[in-house]
Amino acid sequence: SESGWLLLWTPPNFSTAGCASVAPAVLPREIRAMTTRPIPDALASGPFRLSTAEHAGVTRSQLRGRSFSRPFRGVHVVGAASGLRELCEAALVVLPHAVFSDATAAALLGLPTWSSGVVHVTTPRDRPAVRRRGIVGHVRDLTSHEIGHVDGLPVTSAARTYVDLAGELVRPQLLAVGDALV
């Protein structure tokens, strides 16, 4: 109703004598969550950290709601990060020095891939190894000519990607990748 009270059906023999009124503020979280608040513009443009959400006025409780998802620990998005590009953008929020490699680089480069459902990243040896759910971390020293960009995302070069995949794919899959490179 307009007053903000929730009207519930009660059985005919139910007595409300001695019962206190229930204000909307004390209703269960599931019922309170049915009223959605607008998402701040600062969060709608891409993945963000918890601190950014809090600065925009979004609480931790709201971040656990249906309007947001958490593709990786430490990063949130509005809705769901559904595609590879969205997952890569989310990974860069918490791993700014990472380069997408292996099967992820192959997919971003348009090469034949056999998806594993995780994002592969490579970091230099002087950085800590990546250990996050949904991300496979590799530690390799890459030269500047082994790193390129696809739509603004850092990826290993096609040649480096082929070398990295050589240890992971079976021969027919590796031949398909090699044929796509020629």
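Let's begin with D151, which sits in the loop between β7 and β8. This is a predicted model, so treat what follows as a description of that prediction. D151 is exposed, with a relative accessible area of 62%. Its backbone is worth a look too: phi of D151 is near 50°, a positive value in a residue other than glycine. Most residues other than glycine have a negative phi.

V150 counts as buried because its relative accessible area is 17%, and the cut-off for buried is under 20%. Leaving aside residues up to four places away in sequence, V150 touches R85, L108, L109 and V155. Take L108 from that list: V150 and L108 are 42 residues apart in sequence, yet their C-alpha atoms are 6.7 Å apart in space.

## The protein chain overall

Now zoom out. The protein chain has 182 residues, and 31% of them count as buried. You'll find 8 helices and 8 strands in it. The chain exposes about 11,700 Å², with carbon and sulfur atoms supplying 55% of that area.

How much of the contact set joins residues at least 24 apart? Counting contacts between residues at least 6 apart in sequence, the share is 45%.

## Helix α7 and its two sides

Helix α7 runs over residues 158-166, and its buried residues are R160, T161, D164 and L165. These four cover an arc of only 135° around the axis, so they lie on the same side of α7. Look at the other side of α7 and you'll see A159 and V163, both exposed.

What covers the buried residues of α7? The cover includes α6 (102-108), β8 (153-156) and α8 (171-181).

Helix α8 tells a similar kind of story. Q173, L174, V177 and G178 are buried in α8. Their arc around the axis is only 140°, which puts them on the same side of α8. The face turned away from that buried side carries the exposed residues R171, P172 and D179. The buried residues of α8 pack against α7.

So how do the two helices line up? The axes of α7 and α8 come within 10 Å and cross at roughly 170°. That crossing angle makes α7 roughly antiparallel to α8. At the meeting point, A158, Y162, L165 and A166 in α7 contact L174, V177, G178 and L181 in α8.

Last stop: H120, in strand β4 (residues 119-123). H120 is buried, with a relative accessible area of 8%. Which side chain does H120 join through a polar contact of 2.9 Å? The partner is the side chain of H138. Not counting residues up to four places away in sequence, H120 touches V99, F100, S101, D102, A103, T104, V136 and H138.

D102, one of those neighbors of H120, belongs to helix α6. D102 is buried, with a relative accessible area of 0%. Its phi is near 55°, a positive value in a residue other than glycine.

Terms used
Residues are numbered from 1 along each chain as its sequence is written. This is a predicted model: local features need pLDDT of at least 70, side-chain atom pairs count only at pLDDT 80 or more; totals for chains, interfaces and linings use all residues. Side-chain values use heavy atoms; hydrogens and water are left out. Buried means under 20% relative accessible area, exposed over 50%, partly exposed in between (1.4 Å probe, protein chains only). Contact means heavy atoms within 4.5 Å. Accessible areas come from the Shrake-Rupley method with a 1.4 Å probe; for residues, only the protein chains shown count as cover. The arc is that of the directions from the helix axis to the C-beta atoms. A polar contact is a pair of N or O atoms within 3.5 Å; within protein, one must be able to donate a hydrogen and the other to accept it, and residues adjacent in sequence count only if both atoms are side-chain atoms. Axes are lines fitted to C-alpha atoms, for helices over the stretch in contact, and angles run from 0 to 180 degrees between N-to-C directions. Angles under 35 degrees count as roughly parallel, over 145 as roughly antiparallel, 65 to 115 as roughly perpendicular and the rest as oblique.
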